Amino acid sequence: MTRRAALPGAAELFRTTVPRADHADPSAAAPAAPARSGRSGSGRRKHDAKITVYVSDEELLGLEQARLALRADHGIAVDRGRVVREAVAAALADLDERGADSELVRRLREPGE
């Protein structure tokens, strides 16, 4: 009996986790339908671009409370970045769909902002 742990080989460690288009399984289920305007959050994947956004303590607390409510009340475990990406996608979809009547335009036009 050997005391060595069985470890995966290099091929398993460095395998591709994203299916290539030329090897796509035709029987695979279609992806979920995107938002009406074609915008949706990017979900869990590697992101190539990064921005830094400064928020107030109250905004950060609200974001964390929203994340915890999603987990506790809806069974959706996500990180704050995912919540922010979905919120950005929703705001941009609303802007695409409603233009000058969108919530984003309305909020940005409010005095004192």
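**Exercise 1.** Which residue's side chain meets that of arginine 106 in a salt bridge?

*Solution.* Start with the ground rules. This is a predicted model, in which local features need pLDDT of at least 70, side-chain atom pairs count only at pLDDT 80 or more, and totals for chains, interfaces and linings use all residues. Residues are numbered from 1 along each chain as its sequence is written, and side-chain values use heavy atoms, with hydrogens and water left out.

Step 1: A salt bridge is a side-chain nitrogen of Lys or Arg within 4 Å of a carboxyl oxygen of Asp or Glu.
Step 2: The partner of arginine 106 is glutamate 110, at 2.8 Å from N to O.
Step 3: Now widen the view: Glu103, Arg106, Arg107 and Glu110 are linked in a salt-bridge network.

**Exercise 2.** Find the salt bridges that glutamate 64 forms with arginine 67 and arginine 80.

*Solution.* Step 1: With arginine 67, the closest N and O atoms are 2.5 Å apart.
Step 1: With arginine 80, the N to O distance is 3.5 Å. This pair links distant parts of the chain, glutamate 64 in helix 2 and arginine 80 in helix 3, 16 residues apart.

**Exercise 3.** Is serine 102 buried or exposed?

*Solution.* Step 1: Buried means under 20% relative accessible area, exposed over 50%, and partly exposed in between (1.4 Å probe, protein chains only).
Step 1: Serine 102 has 0%, so serine 102 is buried.
Step 2: Look for serine 102 in the loop between helix 3 (80–98) and helix 4 (103–109).

Key:
Helix = DSSP H or I, 4+ residues; strand = E, 2+ residues; numbered from the N terminus.
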